[in-house]
Amino acid sequence: MTRRHREMNTGVLRHAIRPAVGMLPLALAIACASVAQAVPQPGVTTSPAQPGGSPSAVQPGTTLSPAAPQSSPQVDYVVPENHRPIPAETEPAPAIDWQSLHTPEPVEPVAPIAPPPRTVRIGDFYTPAPDEVPDEILEPVNDFSANAEASLATGLQSIGIDPTRSDKIAGMTAAGAVTGAALLGIPGAVAGAVGGGVGGGIIGAGVGAAIGAGIGVGIVAATAAAAGIPTSGIGAAIAAPAAVPVIGGGALIGLGVGAAVGAVGGAALGAAAVGIPMAVLGGVGGGIAGAAIGGAF
């Protein structure tokens, strides 16, 4: 294999795995962001009274207006019908009362959570969506995640878990699943793409060279037959030095094309063969870990 073809194969392989490599920063961002989102917010507490302080006296003739009740945080985006905004955590969720759990009973279905516009939300992990991701892709991803999270929360409530705690468990489960899938699946896909691309490129180069050489032999034989050379002389024409550039050129062209096709195909197959099982394994493990965190904190 010439240096030119080695460089060509290397460039094809780099082009094939570049999208997977570009996902690595996203995987790290998911890991960091989901851990940060998973930390429970402490409840709201009032500051202790200053020593020596006393309630101010009411001036004669002055009427004190009652304090206005605190309102829940206002939602600054439009929430679709049959959805709810991201819950605002103002106090810790109550712990699971294991003795009060029971077999599933009918409960009102939990409404799915709608994230703000142009936001990727998978459970407790949410981040602004890149500009390159169109709404036609973003919205189905958010809807699928929200419906799965709502179904899990409904199932938890049906066995007697408090709605606030069920929201936390469902959200952490979804976030843990996507984090685990990304952290294991993306490196697995990259490794599979590299190995599959190299192997596919080698196999494709050999097959392509053989096919290209065969095409060159066919061209020489057809040319000899068209020139009126007897059948017994076609073999000599193929073996003649003048036929070497045609046959060799066909082999080189086939080698390059076969290597390129084999590298791309091998990279895709390798990424799928390694990345998908690793993503499933990471998703299951991350989901279990997320559920445990959501149930404990």
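Analyst: Let's start with Arg118, which sits in the loop between H2 and E1. Helices (H or I, at least four residues) and strands (E, at least two) are DSSP runs, numbered from the N terminus. Keep in mind that this is a predicted model: local features need pLDDT of at least 70, side-chain atom pairs count only at pLDDT 80 or more, and totals for chains, interfaces and linings use all residues. Residues are numbered from 1 along each chain as its sequence is written, and side-chain values use heavy atoms, with hydrogens and water left out.

With a relative accessibility of 29%, Arg118 counts as partly exposed (buried is under 20% relative accessible area, exposed over 50%, partly exposed in between, using a 1.4 Å probe and protein chains only).

That loop, running between helix H2 (24-38) and strand E1 (119-122), also holds Asn82. Asn82 is another non-glycine residue with a positive phi, near 65°. Asn82 is exposed, since its relative accessibility is 61%.

Now step over to helix H3 (residues 135-158), where you'll find Ser145. Ser145 is buried, at 9% relative accessibility. Setting aside residues up to four places away in sequence, Ser145 touches Arg121, Ile122 and Gly123; contact here means heavy atoms within 4.5 Å. Beyond its neighbours within four places in sequence, Thr154 is in contact with Val107, Glu108, Pro109 and Val110.

Next comes the helix pair. Asp162 caps the N-terminal end of H4, with a side-chain oxygen 2.9 Å from the backbone nitrogen of Thr164. After H4 comes Gly228, and its phi is positive as well, near 85°.

How do H4 (residues 163-226) and H6 (residues 244-296) meet? Their axes come within 1 Å and cross at roughly 170°. That makes H4 roughly antiparallel to H6. Axes are lines fitted to C-alpha atoms, for helices over the stretch in contact, and angles run from 0 to 180 degrees between N-to-C directions; under 35 degrees counts as roughly parallel, over 145 as roughly antiparallel, 65 to 115 as roughly perpendicular and the rest as oblique. The contact of H4 with H6 has 28 nonpolar, 28 polar and two charged residues. In that tally, Ala, Val, Leu, Ile, Met, Phe, Trp, Tyr, Cys and Pro are nonpolar, Asp, Glu, Lys and Arg charged, and the others, Gly among them, polar.

Ala272 is a residue of H6, and it is partly exposed at 35% relative accessibility. The C-alpha atoms of Ala272 and Ala189 are separated by 6.5 Å, while the two residues are 83 apart along the chain.

Finally, zoom out. The chain has six helices and two strands, and from the N terminus they run α-α-β-β-α-α-α-α. Of the 297 residues, 32% are buried. If you take contacts between residues at least 6 apart in sequence, 79% join residues at least 24 apart.

Methods:
A polar contact is a pair of N or O atoms within 3.5 Å; within protein, one must be able to donate a hydrogen and the other to accept it, and residues adjacent in sequence count only if both atoms are side-chain atoms.
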